[in-house]
Protein chains: 2
Amino acid sequence: MNGLYDVAAIGNAIVDVIAPAGEEFLVAEGLAKGAMTLIDEQRAADLYDRMAPGIEASGGSAGNTVAGVASLGGRSAYIGKVADDAMGGIFTHDIRAIGAHFTTPPLASGPATARCLINVTPDGQRTMSTYLGACVELTAADVEPEIIESAKIVYLEGYLFDPEEARRAFAKAAGLARGAGRKIALSLSDAFVVERHRHALLAFIDTQVDILFANESEMAALFETANWAAAAREIRGRVDIAAITRSEAGSLVLTPETEHIINAAPGAKVVDTTGAGDQYAAGFLYGLANGRPLDVCGKLGSLAAAEVIGHYGPRPETSLAELARAGGLEAA
Amino acid sequence: MNGLYDVAAIGNAIVDVIAPAGEEFLVAEGLAKGAMTLIDEQRAADLYDRMAPGIEASGGSAGNTVAGVASLGGRSAYIGKVADDAMGGIFTHDIRAIGAHFTTPPLASGPATARCLINVTPDGQRTMSTYLGACVELTAADVEPEIIESAKIVYLEGYLFDPEEARRAFAKAAGLARGAGRKIALSLSDAFVVERHRHALLAFIDTQVDILFANESEMAALFETANWAAAAREIRGRVDIAAITRSEAGSLVLTPETEHIINAAPGAKVVDTTGAGDQYAAGFLYGLANGRPLDVCGKLGSLAAAEVIGHYGPRPETSLAELARAGGLEAA
């Protein structure tokens, strides 16, 4: 594949607020463990008031993936909407500082930059409450054709199905990518997102998606079954490649003809699972854009995910390129 | 000692921006490794532009110490000035969320909340560039007598000698503490701070300070000698207790009559030394306020410092009270 960028991604541009929490806090706040819930500004302020002290870090699913691709040495671009405020400045700095192209104009007035309040329980699981803020103002006009058309793979996060305007941006990006003969990858993002938008997501997958990322519960939600393995059979033939992540059980990479079982990377102590799926996608897409075989793509995904769960924060703290070299997975 | 608070602290209320950096970055930017340099708003913006992606976390030397005291189960209060902006909101949330009393009114208009740009080299050393912003508006009026008078120990950071107004707050707090028969502790903060304010600091130490925290280079700067051990002899008799921190060599606790050599706590991998001195002070002051012998105070300091150097960020991520219990150092 040729292209100026290995991956161009569109996503909700979000700053994470990450704090430890007990299981009883999730119960008291009525939070669905491990899921992402949308909240309004008032609820965000109230919930933040009661959360433990935390750290702030640039996040957003596709933004995290772009950062991972860059950390592996890949070229990446990002499209997403921040406000012209302190948090927007942090998001912009971080994604540009890692070397990604990011030129979406910030929102001059209106809602603040999106925040995701992430409560991390002692088992490392993260429970997310997102105030979308400026994200809901991402429009099709923000999708720059020259970025989409010059990327080997265009990556879209399922979370974009929540803000209505962003779905039009989604459609435009897919059309441009298709028109330029580019590959389209989609992450299902969250089982609740799948439940909210199942019909639209399935139609989009069937008509536009080449590469699908999902975990077991998202696959089960997509095909309305409790059996993720049955859901996995359903997806074969609908997309060229499906990569199904299974936490500590690793991942399963399916094509219509082949099946690769990938182990999770060993050794990492689980501190905070925030960003694990995003980094898996980063490793996988970097491998794919650089012509590596599917099993190596999966292993690069495992390696990137293992790095990010070992510390607080959704993006790599150490060079994934160096980790890949140390693990014998450097790009050919 | 009796008091509503174990420790009441006054300091520059700062949000840290912490990012990895190579040694060559420090050279290119003309940054003095391991030191704290004051910068203006424009320089802060320029330097941030060139820094790597990072995380944001509440900081400020005395704020970190207060957070450490709270993590050990102690009662603490904080006085410091933030602006009424997003970063000020983060600082306020974090210090209250850990259980510290903090009621200093934020600055309604004027400079933004202070930021400290921290570049962490691969050896874990941190190099700090601080834009003081709203901190310079901390005034004597912000020093609430009922807080100072009800704390067993009043803790002041040497950094407060930089903003002129804050020095008056410093003097008021010392006077109130002395009047109420409270102990006064001072941290020298930074060798450059000592060089900028040597005369004033020495006069303050001789007349007001009971407990002094310093590292080797700050001690050397205070007494204008290259020999920190000679400087240590100089300090005996000037204060009741001097705790001199020596990085991996541990610390030395001196009184006019006694000397305790304290080892560094073993085991911690050094990721980021930001906050190490602040947490040493937290452990030491918590011990002192709760009647522990001086060697145990030093060990509590070592334990708290070891926790914070094992991760990015200047405040404890795990309960220091639990670590102290596990290490046989729980309060009597």
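Two residues are taken to be in contact if their C-beta atoms, placed from the backbone, lie within 7 Å. By this criterion, among the contacts in chain A between residues at least 6 apart in sequence, 76% join residues at least 24 apart. The model examined here is predicted. Chain A comprises 13 helices and 14 strands. Its radius of gyration is 18 Å, close to the 20 Å that the globule rule gives for 332 residues, so chain A is as compact as a globular protein of that length. Along the principal axes, the C-alpha atoms of chain A fill a box of roughly 50 × 40 × 40 Å. Of the 332 residues in chain A, 57% are buried.

The two chains are related by symmetry. Chain A is superposed on chain B by a rotation of 180 degrees with 0.0 Å of shift along the axis, at an RMSD of 0.0 Å. This is the relation of a two-fold axis. In chain A, the C-alpha nearest the axis belongs to E56(A), at 2.4 Å from it. Both copies use the same surface, as 100% of the contact residues of chain A recur in chain B.

The contact between the chains draws 19 residues from chain A and 19 residues from chain B. On the side of chain A that touches chain B, β4 (55-58) and α4 (86-97) of chain A each supply at least two residues. The most is given by α4(A), with 6 residues. Classified by residue type, this side of chain A has 11 nonpolar, 4 polar and 4 charged residues.

Strand pairing extends across the contact. β4(A) pairs with strand β4 (residues 55-58) of chain B in the antiparallel sense, over 2 bridges. Within this pairing, I55(A) has A57(B), in β4(B), as its bridge partner.

Of the 12 residues of α4(A), 9 are buried, so the helix is largely enclosed by the rest of the structure. The buried residues in α4(A) are A86(A), M87(A), G88(A), I90(A), F91(A), T92(A), H93(A), D94(A) and I95(A). Just after α4(A), G99(A) adopts a positive phi of about 105 degrees.

Technical notes: Residues are numbered from 1 along each chain as its sequence is written. Chains are lettered from A and ligands numbered from 1 in the order in which they are written. This is a predicted model: local features need pLDDT of at least 70, side-chain atom pairs count only at pLDDT 80 or more; totals for chains, interfaces and linings use all residues. Helices (H or I, at least four residues) and strands (E, at least two) are DSSP runs, numbered from the N terminus. Ala, Val, Leu, Ile, Met, Phe, Trp, Tyr, Cys and Pro count as nonpolar, Asp, Glu, Lys and Arg as charged, and the others, Gly among them, as polar. Two strands pair if DSSP finds at least two bridges between them. A residue is buried if 20 or more other C-beta atoms lie within 10 Å of its own, exposed if 12 or fewer, and partly exposed in between; C-beta atoms are placed from the backbone. Copies are superposed by least squares on the C-alpha atoms of residues with pLDDT of at least 70 in both. The radius of gyration is taken over C-alpha atoms; the globule rule is 2.2 Å times the number of residues to the power 0.38.
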